[in-house]
Amino acid sequence: IGMIGCSHDIGARVRAEREERRQREELRVILDGVPAMVWYKDRDNNILRANAAAAASVGATPAEMEGRSTYDLFPDEAEKYHHDDLEVIRSGVAKLGIVEQIQTVSGEKRWIRTDKIPYRDERGEIVGVLVFAVDIDDQKRAEQALEQARDTLELRVQQRTAALAEANAHLR
């Protein structure tokens with residue numbers, strides 16, 4: 001009878017470990033399938049988990065990103081990022097729609113929109129911050145081109161209006 005109990009305990013543990021591996025793999029598939037950069041950090045600014053898009057943005061794998069801090073990955077912007085994170089952690093209020101430029105591994109500047117949300121444990125206590133970032137570089141560049149076209153058009157209208165006013169003055 002002692003052997004059956006031991007066998008049953010080991011079987012249950014093996015099934016639990018198998019289920020835990022399945023859940024971890026399922027989480028990885030979901031995170032990597034999201035069309036955004038996603039990572040979450042603890043209160044000390046250490047990255048606990050990152051998806052493939054977030055890792056690619058810094059030229060790393062998710063495993064290489066995990067355990068590192070913002071200071072390791074974005075030394076120039078780290079202080080601002082960490083300040084935002086701590087604000088979310090302390091207040092419990094998400095910061096949504098943060099628009100900022102980042103520098104990619106290749107040195108290219110790109111616009112992103114970032115949402116930072118309190119990361120809570122199973123008891124509901126805030127233990128870090130969840131970060132979702134979407135590349136909006138094409139949208140931002142289109143907005144800038146539209147602004148430039150509008151400014152050019154306004155200048156032309158002013159020039160034409162002045163020319164018409166001058167022509168009208170000559171006719172009088």
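Figure 1. Helices (H or I, at least four residues) and strands (E, at least two) are DSSP runs, numbered from the N terminus. This is a predicted model, in which local features need pLDDT of at least 70 and side-chain atom pairs count only at pLDDT 80 or more, while totals for chains, interfaces and linings use all residues. Residues are numbered from 1 along each chain as its sequence is written, and side-chain values use heavy atoms, with hydrogens and water left out.

Figure 2. Buried means under 20% relative accessible area, exposed over 50%, and partly exposed in between (1.4 Å probe, protein chains only). Just after α5, Gly-92 has a positive phi of about 75 degrees.

**Figure 3. The largest nonpolar core.** This core has 20 residues, of which Trp-39 and Met-65 touch the most other members. Two or more residues each come from β1 (37-42), β2 (47-50), α2 (52-57), α5 (78-91) and β5 (126-135). With four residues, β5 gives the most. A nonpolar core is a set of buried Ala, Val, Leu, Ile, Met, Phe, Trp, Tyr and Cys residues joined through side-chain atoms within 4.5 Å. Leaving aside neighbours within four places in sequence, Met-65 is in contact (heavy atoms within 4.5 Å) with Ile-47, Ala-50, Ala-54, Ala-55, Val-58 and Leu-73.

**Figure 4. Ile-47 and its surroundings.** Ile-47 lies in strand β2 and is buried, with a relative accessible area of 3%. Not counting residues up to four places away in sequence, Ile-47 touches Trp-39, Tyr-40, Lys-41, Met-65, Glu-66, Gly-67, Arg-68 and Leu-73. Ile-47 and Asn-168 are 121 residues apart in sequence, and their C-alpha atoms are 69 Å apart in space.

**Figure 5. Asn-45 in the loop between β1 and β2.** The phi of Asn-45 is near 75 degrees, a positive value in a residue other than glycine. Asn-45 counts as buried, at 2% relative accessibility.

**Figure 6. Asp-137 in helix α6.** The helix comprises residues 137-171, and Asp-137 lies in it. Asp-137 is buried, with a relative accessible area of 1%. Its contacts, not counting residues up to four places away in sequence, are Lys-109, Arg-110 and Trp-111.

**Figure 7. The setting of the close-ups.** The protein has six helices and five strands, in the pattern α-β-β-α-α-α-α-β-β-β-α along the sequence. Along its principal axes the C-alpha trace spans about 115 × 30 × 30 Å. Of the 172 residues, 29% count as buried.
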